[in-house]
Every structure is written in C-alpha cells, then in structure tokens.
Amino acid sequence: MSSGYGSLEEDYFFTAKTSFFGKPKDKHLVKDVEKEVEKKPTVLTQEEIKQKVEEYNGKVKTCFGMRLSPDSSYTGFVKVHIKLRRPVTVPAGIRPQSIYDVLKEVNPAEITDKRTSFYLPLDADKQLHISSRTTVSEVIVGLLKKFMVIDNPQKFALFYQSKQDGKAVLQRLKECEYPLLIRLLAGPETDSSSFVLKENETGEVEWGAFSVPELQNFLRILEKEEQERVQQVKQRYVKFRQKLEEALKVGGKQG
C-alpha cells in the first residue's frame, strides 16, 4: 500500500472523514437556482453569440478567453471543482497518460485488471478546454479521464454553483446542457459562479451502479468504522469507571 492509496483487495487508506450517504442540506435552495437558470436563454443567434463572446473576452484578465469560429461555435475554458465524498477507482500501478496516449485514446482500464481506490482532495479543481457543443455528460467523462478514474460516469453529476444572499446554492445540470454556454452567460468571474463535480445523489444509493469489489470494500470500510466507534465507546466507559473508582477510594478514606 502506498501513501494515500488502498488496493481494492485491501482496506481503504483513509485520508479524510467521509460519509457514503451525504445528502443536500437545503433542497429549497436547489429549487430556487433551477428556476433562475431556466429563465436564461438556451439558444442564441449568431449576432448574440458574437456580442456575448466579445463582452466575455473584454472582462477576462487572463489568457482563458473564448475563441469564436466562423460557424458561430466557440471554444473556451471551464474550471470544475472536485468535491467527492466517496473514494474513486483508478488502475493500479499505471503511470499518468502521456500526450501520445491521449491522442491514441488509450483506455487505462484496458491496460490492467488491478484496481486501486483513493480519495481525491476536496480542494482539487481542473481547467477544461471545451467547445460550445460539449455537453455536461462529455465534461464528466473528460474529467474522469484526466484523473484516470474508471468508475461509471453515471455515479457523478455536474452542478452549477452560484451565490444568492451570500449563500452558495447548487443546481444539478442536465446531461444534455452545455457548460460553456452557461459560462458565457454568467461571465468569467468564477468567484460568484462555478462548476462542481459531485456524486450523483438521488436520495437513495444506487447500489447496482457499483461493482462487486467496490461493494465488498464498502462493507470493509463500514466494519472498520464500526470497530473504531466501538473502541471509542469502550474507552469512554473505561475512563468513566476509573473516575468512579477514584471517587470511591477518596470517599472511603474520608469515611
């Protein structure tokens, strides 16, 4: 086992406190954002696209502007924050993909049958260069490839995060939506709005989306957490018993 990693044939290496069953805390906030986003236009004319791209590039202070093509499509960058609570699966012992591998569209999952699971840092993010025709589902697949994650893409969802009254609110994006269009309409300021990759929470855990080794490891993790909790309770009662015995000794001497 290497630092930060754990084989699927062994216990996971815990890098952070994690819950498998986390749910959104403020569902009404999600509804508010959905209504707000639905009001935004999803189709722009060629003139509107040109105007929006020019306005966007006029506000960009870095090199991450958008480039307009003659066919009125455009390309640009979107930053996605990774906020995953559960471990992800990657091929074990495989070096990061080279440019040659990417051009050949090498699938890491086909190189080896060995699997390793680990937790991605909660503060991780990735800049993706996409086009106006790139869908949410394609962005998710692209992110997983960049991190060499071989889990089923359906386990993940892309969210649009914005601020309302000083609070961060999330809206889950549909697979057919276009993140670059959303970025264009929102503007280049990522402090007020951003994209977030999270687990595909539906209120119920879709166990059928997990492989047998993953399910076995979830059981191991739960057993490990149960043992740790039992030990904590036992230690608490041991300390309590010690204090009671000390109090009895003191009371016996005084009597």
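Colleague: What makes Lys126 count as lying over the face of Phe147?

Modeller: This is a predicted model, and in it Lys126 is 5.7 Å from the ring centre of Phe147. The distance cut-off is within 6 Å, with the charge also within 35 degrees of the ring normal, so 5.7 Å passes on distance.

Colleague: And why is the charged end of Lys198 said to sit over the ring of Phe159?

Modeller: That one comes in at 5.9 Å from the centre of Phe159. The limit is 6 Å, so the Lys198 value falls within it.

Colleague: Next, the aromatic rings. How many aromatic pairs does the structure hold?

Modeller: Two. One of them is Phe64 with Phe77, an edge-to-face pair.

Colleague: Why is the Phe64 and Phe77 pair called edge-to-face rather than stacked?

Modeller: Their centres are 4.8 Å apart and the planes make 70°. A pair needs centres within 6.5 Å, and edge-to-face needs over 60 degrees, so both conditions hold here. The pair also links distant parts of the chain: Phe64 is in the loop between α2 and β2, while Phe77 belongs to strand β3, 13 residues apart.

Colleague: What makes helix α5 largely enclosed?

Modeller: Six of its eight residues are buried, so the rest of the structure largely encloses α5. The buried ones are Pro179, Leu180, Leu181, Ile182, Arg183 and Leu184. They pack against α2, β3, β6, α4, β7 and β9.

Colleague: Which residues touch the most other members of the largest nonpolar core?

Modeller: Out of 34 residues, it's Tyr74, Val80, Ile82, Phe156, Leu158, Phe195 and Leu197. Helix α5 is among the elements that each supply at least two residues, but the largest share, five residues, comes from α4. Take Ile82: setting aside neighbours within four places in sequence, its contacts include Leu120, Leu143, Phe147 and Leu197.

Colleague: How do you know that residues 223-250 are helical, and what does the record call them?

Modeller: The span is 100% helix and 0% strand, with its end C-alpha atoms 41 Å apart. The "coiled-coil region" label comes from an unreviewed UniProt entry, and such annotations may be inferred rather than shown by experiment.

How values were computed. Residues numbered from 1 in each chain as written. Predicted model: local features only at pLDDT ≥ 70, side-chain atom pairs only at ≥ 80, totals over all residues. Heavy atoms only, no water. Phe/Tyr/Trp six-rings, centres within 6.5 Å; stacked < 30°, edge-to-face > 60°. Helix = DSSP H or I, 4+ residues; strand = E, 2+ residues; numbered from the N terminus. Buried < 20%, exposed > 50% of the residue type's maximum accessible area, 1.4 Å probe, protein only. Contact = heavy atoms within 4.5 Å. Core = buried A, V, L, I, M, F, W, Y, C linked by side-chain atoms within 4.5 Å.
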